[in-house]
Amino acid sequence: MMSFCISALWGFWILLGGWVTAHLLHSVSGENLLTSFEIRHGYIYPPSVTVAEGEVMHLRLLVPMQEGDRCLYREPGSPTDVDVHGVEGSSVRGKFLRFGDAECSIRVNPVHQRDGGFWRLTLVRGTERIRGVTMVDVIERPSVPEIGIGSSAISSLDEISPERTEYCFVLRQGAASEGANSVPMYERCNLPLSETDPTGAGVWSVIAGVQGQMREMTYGIHIENKEEQIVTTVHKESDYHVLSCNLLYTKLMLKFCRFVRLADGLGLNVIPGIGTPRYGYVGAGFERNECGLEILGPEGLDRGTWKCLLGYGDESLTKVSGAIVDNSDINPPLAIMRPDEMVIAQNGSMTSLQCNANKPIDYCWFRGPHGQFYSLSESLTAEHGHYWYGGVSLEMGECGITFATIRDFEHAGEWHCYVGSGRVSALEVSATFQVRISSTQMISQQEVVEASLEFPALLGCESIPRGTPLQYCRFVTPAGQAFSLNENITTDRPILERFYSNPNHNLAKGSCSLVIGSVRAEDFGEWICAGKIEGHPMEHIYGIVLHNRDERAPSDGEPELSGGTLSAASISGMVIGAVVVIGGAITIGYWQFRKRLHRETVAVNEEIQMRTIETPEVVAGTGQRISIISSESGSSSTNSQSNLQGTAL
């Protein structure tokens with residue numbers, strides 16, 4: 001309201017002064033000045049002025065003075081007109097006639113804040129008055145930005161313009177001001193970057209003209225090439241925590257912010273103005289590239305490690321970067337988070353292996369099953385070879401390797417991944433996982449499944465990539481019987497009274513799994529698991545071997561013995577072998593060795609007696625082997641039995 005009144009008053013004085021002046025000049029000079037430049041633009045010049053404190057201000061009436069004319073001025077807030085000639089040559093306020101007696105004018109040197117407001121000049125010619133009013137706005141003296149050669153280097157994205165810049169030139173220090181760099185910039189000073197000078201690193205000179213000041217501002221700046229980065233902070237209070245991720249050194253603007261709790265994978269889409277009873281946004285807005293997560297009453301998993309992922313860009317580009325935010329009450333050691341124990345892939349396809357840490361890492365690398373060494377960095381991209389870095393950033397603790405083509409003979413087997421962070425420990429952290437590769441888009445978790453007669457067994461396969469939906473799946477037994485599986489085939493409605501679907505299998509998630517209720521002898525051998533993936537014209541198959549865990553491989557041409565019965569020849573051989581060993585020990589004369597062998601012989605005799613008492617029917621009924629236990633031997637039953645068989649041979 002005050003500014004409106006001042007403007008209205010200012011306009012009134014200008015109109016009044018212009019009308020009076022035009023009327024008087026017409027009567028005095030006899031000329032029609034209504035069409036002249038001075039009449040159309042006002043007699044006082046300038047009609048308004050913005051001047052910096054400490055500068056010199058010039059005001060004048062655009063009317064030539066004649067002999068006998070007087071020039072008066074009135075300061076803002078003063079009711080009195082002062083004759084300019086009365087203060088000429090004095091030090092009062094520093095006001096003087098500007099250019100002799102040519103015009104009614106004043107010069108104010110220096111200008112202070114109190115000089116802001118309406119100034120009035122009056123030309124007195126006899127009994128006539130010619131007046132003009134100027135609005136004066138006094139501003140603070142513009143200052144050089146807090147940058148310079150003596151200060152720390154800044155990024156090329158930082159502001160290098162003084163306040164109220166009207167124009168500027170930005171040149172390499174020491175370079176001639178010619179060519180494209182000599183063209184002035186308006187309102188803002190920018191680095192004139194080019195393809196040959198994309199970062200602007202080095203020392204530059206800035207020459208700027210600013211509002212309210214005649215003298216140009218000249219200063220130097222030191223530009224450092226600072227890459228985009230995310231700065232994280234954690235602020236903790238007793239009843240709330242704030243986790244912040246701020247994006248620096250970029251001209252792009254934040255589009256989205258996501259926080260992920262590593263302990264359980266909880267993801268939060270953090271948006272200004274939206275939240276839950278416990279989580280909400282904190283920050284100065286996406287426009288300032290700030291994203292913070294407020295956690296009210298943090299407890300349990302909240303007090304752990306989080307990841308923030310920031311998406312930023314413009315209409316044509318979106319980039320994603322992130323960082324780790326540690327909200328733990330204690331400093332956890334560097335660790336690899338939830339590594340995959342097994343990775344499945346199709347031979348000849350593009351495949352990624354992941355190994356992510358709970359802290360920012362400096363580097364990571366992989367060791368393949370044949371001793372291959374794969375060193376990674378974020379700058380390693382697909383253009384550099386047949387493998388490249390496959391994570392978001394090392395700063396997020398993400399280590400990944402992507403192979404353009406994965407091969408069974410080269411990449412299948414046991415892998416090791418290693419991550420290192422000099423900020424945490426000099427020791428690297430590693431994890432081990434298996435890579436299994438199939439020639440088709442179906443694969444099983446195990447190539448050989450161990451099972452026992454009359455016990456249940458589980459067979460299954462899944463699609464590649466993992467989770468790709470299956471339209472159907474089916475199995476073929478070693479005997480050639482074939483059947484399909486679906487959710488209707490359950491324990492209550494099995495196929496052939498023994499086969500039904502695993503309740504945990506889900507065709508929509510690419511999983512096909514079969515339960516054999518009771519394994520029979522004809523079930524041992526190679527099974528075929530087949531499935532048709534959605535969108536594929538043909539089905540894919542994979543072979544699985546069901547092996548009898550109770551079978552033992554024959555040794556030196558001897559037929560394998562089934563059940564828990566041993567032959568008389570084996571028993572005699574064990575006894576004879578024990579006697580021979582004892583005899584040799586006596587011959588050598590090792591008393592302690594002989595005592596130990598004697599105890600073993602007694603144990604063998606006791607076992608023979610037990611086997612003689614055990615009837616074949618009972619043995620066949622139990623279907624289990626009899627363990628031989630030595631009273632002083634620390635070996636397992638299996639080792640003892642193997643040793644005795646070796647002795648018999």
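Which side chains meet in a salt bridge at 3.2 Å, N to O? I find that they are those of R303 and D329, where a salt bridge is a side-chain nitrogen of Lys or Arg within 4 Å of a carboxyl oxygen of Asp or Glu. R303 lies in the loop between strand 19 and strand 20, and D329 in the loop between strand 21 (318-326) and strand 22 (342-346), so the pair ties together parts that are 26 residues apart in sequence.

I note that this is a predicted model, in which local features need pLDDT of at least 70 and side-chain atom pairs count only at pLDDT 80 or more, while totals for chains, interfaces and linings use all residues. Residues are numbered from 1 along each chain as its sequence is written, and side-chain values use heavy atoms, with hydrogens and water left out.

For accessibility I take buried as under 20% relative accessible area, exposed as over 50% and partly exposed as in between (1.4 Å probe, protein chains only). R303, at 30%, is partly exposed, whereas D329, at 53%, is exposed.

Next I looked up R278 and D302, whose side chains meet in a salt bridge at 2.3 Å, N to O. R278 is partly exposed at 26%, while D302 is buried at 0%.

I then turned to R215 and E55, which form a salt bridge at 2.5 Å, N to O. E55 is buried, with a relative accessible area of 7%.

Finally, my search of the whole structure gives 23 salt bridges.

How values were computed:
Helix = DSSP H or I, 4+ residues; strand = E, 2+ residues; numbered from the N terminus.
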